[in-house]
Amino acid sequence: MKKFIAIALALTTSLSLLACQGNGSAAAVNDSTEAVETKEEETKEASEEAVKEESQEAETESKEETEAAKEEGSENAGKFIMGIDPEYPPFSYIGDDGEYTGFDVEVCKAVCEKLGYDFDVFEVNWDEKLIQLDAGECDCIWSGMTIYDTMKEAGYVISEPYFENVQVMMVKEDSGINSTKDLAGKYVAVQLGTSGAALLEDELKDLASSFGDLVTCDSFLKCFTELGGGAVDAVFVDKPVAVDYMAEHEGYKLLEEDLGSEQYGIAFRSDDKELCSSIEGALDEMVADGSYAAIADKYPDLVKNLVYLNK
Amino acid sequence: MSLLTMIIKMSEGLSRTCAIFFLTLIFSLPLGMVVTLLRRSKNKIISSITRAVISVIRGTPLMLQLLAITYGPYYLVGLTVSRNKLVPVVVAFSINYAAYFAEIYRGGIDSISKGQYEAADVLGYTKTQTFLRIILPQVIKRVLPSITNEVVTLVKDTSLAFTVSYQEMFTIGKEIANSQTSFTPFLVAGVFYFVFNALVDFVMGKIEKKLNYYH
């Protein structure tokens, strides 16, 4: 009987401690000062040092969060979080110095400077990018993103297109594949969540069904590795990405067939119409004062397809 | 896309998920025992090498091991990447799980008291006989709950095969979620995993009960 009571006591104590910790995290999430205060009173009762520390942490966290919220509220000085695919050169990638760079990143940085935003980057998971945008993890998706009607239908605010893109098949030079007809029975890789994947599912369905297998990778670099390693015979990819890769790696070629063109744009949440137009305005200004062209000059392969420079 | 088509499409991937699951168990359960025996070897060199290998495998993410085994040979020595991704996936999973199973077995073997070895010796059992007939049956009974734990984790870990483009159930779910801009496939995947694990639980429970012959 004594044993039973001891166990019961131990259980209740540990459970009540657990409950305190639960409150702590709830306070941090709710971000309300009241909750934090109640929490502090509770910890006094519990007189557990570890728990106290936690409550202090929760307090500072919630303070930071309120400040961040304030910043977001004001239009001029605030944080602007750019959502990118970090493995998408030359639009967005990790540069030699370890910082994010690329055409889109540089343009966005310049826009933020112009509008007085604090520039920040968030790496999205490309096949869940819109969910992450909705969740507020970033303020836009700006990373060589193809515009789809379904995005507009779903209510997202999409900027004016800034880039004309072409989809190409990239193969090994010595593969003997010279047209899409030669791809019958071959293995083709595509990145999940890209326009290429969507094209093969829809408009190019017949072509896709002639493949031996369609391999879905989670990044283009993996697609290229599969191609280099001989696991696939071709990669269906956006032309600028392929050209960028081929500049550094020898032995590849593109099939000279137009398999579908599309436009890149920037996606915002449905209630960010003003944000979108202010960024479009900043882009127009940058085109007018030549700073846009200055950035574009660093990416000579892109210039021909940049909508803003070819109006 | 209707919910039914979604479920049918994802079920097709389920066979590949099952392939990873069963093949990994078939290879890693015995391999784990071999690793344990090496780890418990009287030879200091063998036991410390095994120990180091186990700590590397347990200390690095399975996702990294998958990438290393699939693409490593290509990057290091220019070997071709396997077209059938099931091979590198099962190799990586088996090695990883063998390391965990090895440590579980070791715990089980160490928990048997020294007196049993002495008694077996007195009765004239050889070392091999002692291990196979007296120690091992008890070890299996003792480690079963921990093994179940790992097996349940394995079911969920199969989704990691996506990193090397192996189209198992979760990958197909992701593809559908993406093309339909819908969250439903993830819920379907959740239900699939839960049912799979409920089955695992049921079967392991049965085995445990069957081996519980002394109580």
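In this predicted model, chain B contains eight helices and zero strands. Its elements follow the pattern α-α-α-α-α-α-α-α along the sequence. Taken along the principal axes, the C-alpha atoms of chain B fill a box of roughly 70 × 50 × 25 Å. Of the 215 residues of this chain, 42% count as buried. The accessible surface of chain B amounts to about 11,800 Å², and carbon and sulfur atoms contribute 67% of that area.

| Helix pair | Axis approach | Crossing angle |
|---|---|---|
| α6(B), residues 127-157, and α8(B), residues 184-211 | within 10 Å | roughly 170 degrees |
| α9(A), residues 220-228, and α3(B), residues 62-77 | within 10 Å | roughly 55 degrees |

The pair inside chain B is taken up here. The axes of α6(B) and α8(B) cross at roughly 170 degrees, and angles over 145 degrees count as roughly antiparallel, so these two helices are roughly antiparallel to each other. On the α6(B) side, the contact is made by B:I140, B:K141, B:L144, B:P145, B:I147, B:T148, B:V151, B:V152, B:V155 and B:K156. The α8(B) side supplies B:Y193, B:F196, B:N197, B:V200, B:D201, B:M204, B:I207, B:E208 and B:L211. By class, this contact has 13 nonpolar, two polar and four charged residues.

The other pair brings together helices of chains A and B. The axes of α9(A) and α3(B) cross at roughly 55 degrees, and the two helices are therefore oblique to each other. The crossing of α9(A) past α3(B) is left-handed. The residues involved comprise four nonpolar, two polar and two charged ones.

A:N305 is located in the segment after α13, which spans residues 300-303 of chain A. Its relative accessibility is 21%, so A:N305 counts as partly exposed; the class of buried residues requires a value under 20%. Leaving aside residues up to four places away in sequence, A:N305 touches A:Y162, A:F163, A:E164 and A:N310. The C-alpha atoms of A:N305 and A:A282 are separated by 20 Å, and the two residues are 23 residues apart along the chain.

Methods
Residues numbered from 1 in each chain as written. Chains lettered and ligands numbered in written order. Predicted model: local features only at pLDDT ≥ 70, side-chain atom pairs only at ≥ 80, totals over all residues. Heavy atoms only, no water. Axes fitted to C-alpha atoms, helices over the stretch in contact; angles between N-to-C directions. Helix = DSSP H or I, 4+ residues; strand = E, 2+ residues; numbered from the N terminus. Parallel < 35°, antiparallel > 145°, perpendicular 65-115°, else oblique. Left-handed = near helix turned anticlockwise from the far one by under 90°. Nonpolar A, V, L, I, M, F, W, Y, C, P; charged D, E, K, R; others polar. Buried < 20%, exposed > 50% of the residue type's maximum accessible area, 1.4 Å probe, protein only. Areas by Shrake-Rupley, 256 points an atom, 1.4 Å probe, with all protein chains shown as cover. Contact = heavy atoms within 4.5 Å.
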